[in-house]
Amino acid sequence: MAPGVGERRDTGSGVEGPASRPKLSEALFAVLEQELAKGPVAYGRPDQAWTLVRIKTLVGHRFRKSLTL
C-alpha cells in the first residue's frame, strides 16, 4: 500500500525517510480532483486523456505550483 501524506516510506535502498512534503494542501488537492473530474476537453484538449504533462500544466496554471515529473 502507498504511504499517505507525510508518512515514512521504504525507498527500497535500505534507507527510510519521510516522504516529500506535499505541494498542495488537502483542501487544494480536493480542488484539483474537481478540476480533473471536468476532463481535459474542458481545458481545450482534443481528447479525454490526462497525461502527466497535462496535469503538471493544470497545477501550474491553477495553483501557481511547479511540479517535477
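With a relative accessibility of 9%, E35 counts as buried, a class that takes in residues under 20% relative accessible area, against over 50% for exposed and partly exposed in between (1.4 Å probe, protein chains only). The model examined here is predicted, so local features need pLDDT of at least 70 and side-chain atom pairs count only at pLDDT 80 or more, while totals for chains, interfaces and linings use all residues. Residues are numbered from 1 along each chain as its sequence is written, and side-chain values use heavy atoms, with hydrogens and water left out.

E35 belongs to helix α1; helices (H or I, at least four residues) and strands (E, at least two) are DSSP runs, numbered from the N terminus. Not counting residues up to four places away in sequence, E35 touches Y43, W50, L58 and R62, where contact means heavy atoms within 4.5 Å.

To set this residue in context, the whole chain comes next. The protein chain holds two helices and two strands, and their order along the sequence is β-β-α-α. Of its 69 residues, 16% count as buried. The chain exposes about 5500 Å², and 55% of that is supplied by carbon and sulfur atoms; accessible areas come from the Shrake-Rupley method with a 1.4 Å probe, and for residues only the protein chains shown count as cover. Among contacts between residues at least 6 apart in sequence, 22% join residues at least 24 apart.

How do the two helices meet? α1 and α2 pack at an angle of about 125 degrees, their axes being 11 Å apart. This makes α1 oblique to α2, given that angles under 35 degrees count as roughly parallel, over 145 as roughly antiparallel, 65 to 115 as roughly perpendicular and the rest as oblique. The axes are lines fitted to C-alpha atoms, for helices over the stretch in contact, and angles run from 0 to 180 degrees between N-to-C directions. The crossing of α1 and α2 is right-handed; a crossing is right-handed if the near helix is turned clockwise from the far one by less than a right angle, and left-handed if anticlockwise. On the α1 side, L28, V31, L32, E35 and L36 make the contact, and on the α2 side I55, L58, V59, R62 and F63. By class, this contact has eight nonpolar, no polar and two charged residues. Here Ala, Val, Leu, Ile, Met, Phe, Trp, Tyr, Cys and Pro count as nonpolar, Asp, Glu, Lys and Arg as charged, and the others, Gly among them, as polar.

The loop between α1 (26-37) and α2 (52-63) is the place of P40. P40 counts as buried because its relative accessibility is 1%. Leaving aside residues up to four places away in sequence, P40 touches R45, D47, Q48, A49, W50 and R54. From P40 to R54, 14 residues along in sequence, the C-alpha to C-alpha separation is 8.0 Å.

Most residues other than glycine have a negative phi. R64 counts as exposed because its relative accessibility is 71%. K65, also found in the segment after α2, is partly exposed, with a relative accessible area of 34%. Beyond residues up to four places away in sequence, K65 touches K23, L24, V59 and G60.
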